[in-house]
Amino acid sequence: MVYHDIQTVFVQITKTASSSVHSLLGNERELSLPLLHLRYNKAVSDELINGLDVSNYYNFSTVRNPYDRYVSSYFFMKKIYNWNRDFDENLDELLNKPQNWWDNTFILLRPQWWFVCNHDTYEIEVDEIYKYETINSDWPTIANKINTLNPGANISTTLPTVNVTPGRESWETYYTGTLGEQRAKKVEQLYNKDFEVFNYSKLIF
């Protein structure tokens, strides 16, 4: 999303603390609108159509361990969509989709590179990528950058916890034993570029 008041573009990848970040960056009007999970290129292009060049705005995004993000996305979909597929059935359905499956599935399940990378070269297009796993400790750095670039912005250096799906176990519990190894291999196949581009290690069994 483009925040003109603070000259910032935050690429909101689903289930990577994007709601928490948006809650601090958005003004009253923006916070009343649906959260838009757009590709970086799409966000910039849309602004150009309106005659606004935002390519020099401070821009960043957050990413998450693909194993963890799949678990979070799956249970969030069960919560908001009454999703009736079980954990493994959903993985198999994604694997059985045709090539470029990410263009024809729920945005919650799309790979993270889809949002922030060139779709031909997989080169990251945003200036800064932060990780969900360290976002609380990294957030003061981000907030201070925005505040320095925009005197008067007064973005809090404490990131709130927003939009958490309650009642699920830690993501590691879904990848234990023989079944867990099978699940991990499927997640790795689906989100291979996320592991590669964002430097996440794969589980060893």
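Two strands count as paired if DSSP finds at least two bridges between them. Before going on, please keep in mind that this is a predicted model, in which local features need pLDDT of at least 70, side-chain atom pairs count only at pLDDT 80 or more, and totals for chains, interfaces and linings use all residues. Residues are numbered from 1 along each chain as its sequence is written, and side-chain values use heavy atoms, with hydrogens and water left out.

Strand β3 and strand β4 (residues 128-131) run parallel to each other, joined over four bridges. Threonine 62 stands opposite tyrosine 130 in β4, and valine 63 has lysine 131 as its bridge partner in β4. On the β2 side, strand β2 (residues 8-11) and β3 also pair in the parallel sense, over four bridges, and here valine 9 is found opposite asparagine 59 of β3.

Stepping back, the four strands make an open sheet in the order β1-β2-β3-β4, with mixed pairing. Its edges are β1 (2-3) and β4, each of which pairs on one side only.

Buried means under 20% relative accessible area, exposed means over 50%, and partly exposed lies in between, using a 1.4 Å probe and protein chains only. Both faces of β3 are covered, with Tyr58, Phe60 and Thr62 buried on one side and Asn59, Ser61 and Val63 buried on the other. Strand β4 has one covered face, made of Glu128 and Tyr130, and an uncovered one, made of Ile129 and Lys131.

Now for the whole chain. The protein has nine helices and four strands, and along the sequence they follow the pattern β-β-α-α-α-β-α-α-α-β-α-α-α. The radius of gyration is 17 Å, close to the 17 Å that the globule rule gives for 205 residues, so the protein is as compact as a globular protein of that length. That radius is taken over C-alpha atoms, and the rule is 2.2 Å times the number of residues to the power 0.38. Along its principal axes, the C-alpha trace spans about 55 × 35 × 30 Å. Of the 205 residues, 45% count as buried. Among contacts between residues at least 6 apart in sequence, 68% join residues at least 24 apart, where contact means heavy atoms within 4.5 Å.

Between β2 and α1 (18-25) lies lysine 15, whose phi is near 60°, a positive value in a residue other than glycine. Lysine 15 counts as buried, at 10% relative accessibility. Alanine 17 lies in the loop between β2 and α1 and has a positive phi of about 75° although it is not a glycine. Its relative accessibility is 17%, so alanine 17 counts as buried. Elsewhere, the loop between α5 (87-95) and α6 (113-116) holds threonine 105, which is buried with a relative accessible area of 12%. Beyond its neighbours within four places in sequence, threonine 105 is in contact with Leu94, Lys97 and Arg110.

Finally, have a look at the second largest pocket, which has a volume of about 210 Å³. Its lining has 13 residues, of which Met1, Val2, Leu36, Leu38 and Glu47 lie nearest its centre. The elements giving two or more residues to this lining are α2 (28-31) and α3 (40-49), and the largest share, three residues, comes from α3. By class, the lining has seven nonpolar, two polar and four charged residues.

A pocket is an open set of points on a 1 Å grid over the protein atoms alone, where a 1.4 Å probe fits and protein lies on both sides within 12 Å along at least five of seven lines; lining residues have an atom within 4 Å of a point. Grid points are joined across faces, edges and corners, and the volume is the space filled by probe spheres set on them. Ala, Val, Leu, Ile, Met, Phe, Trp, Tyr, Cys and Pro count as nonpolar, Asp, Glu, Lys and Arg as charged, and the others, Gly among them, as polar.
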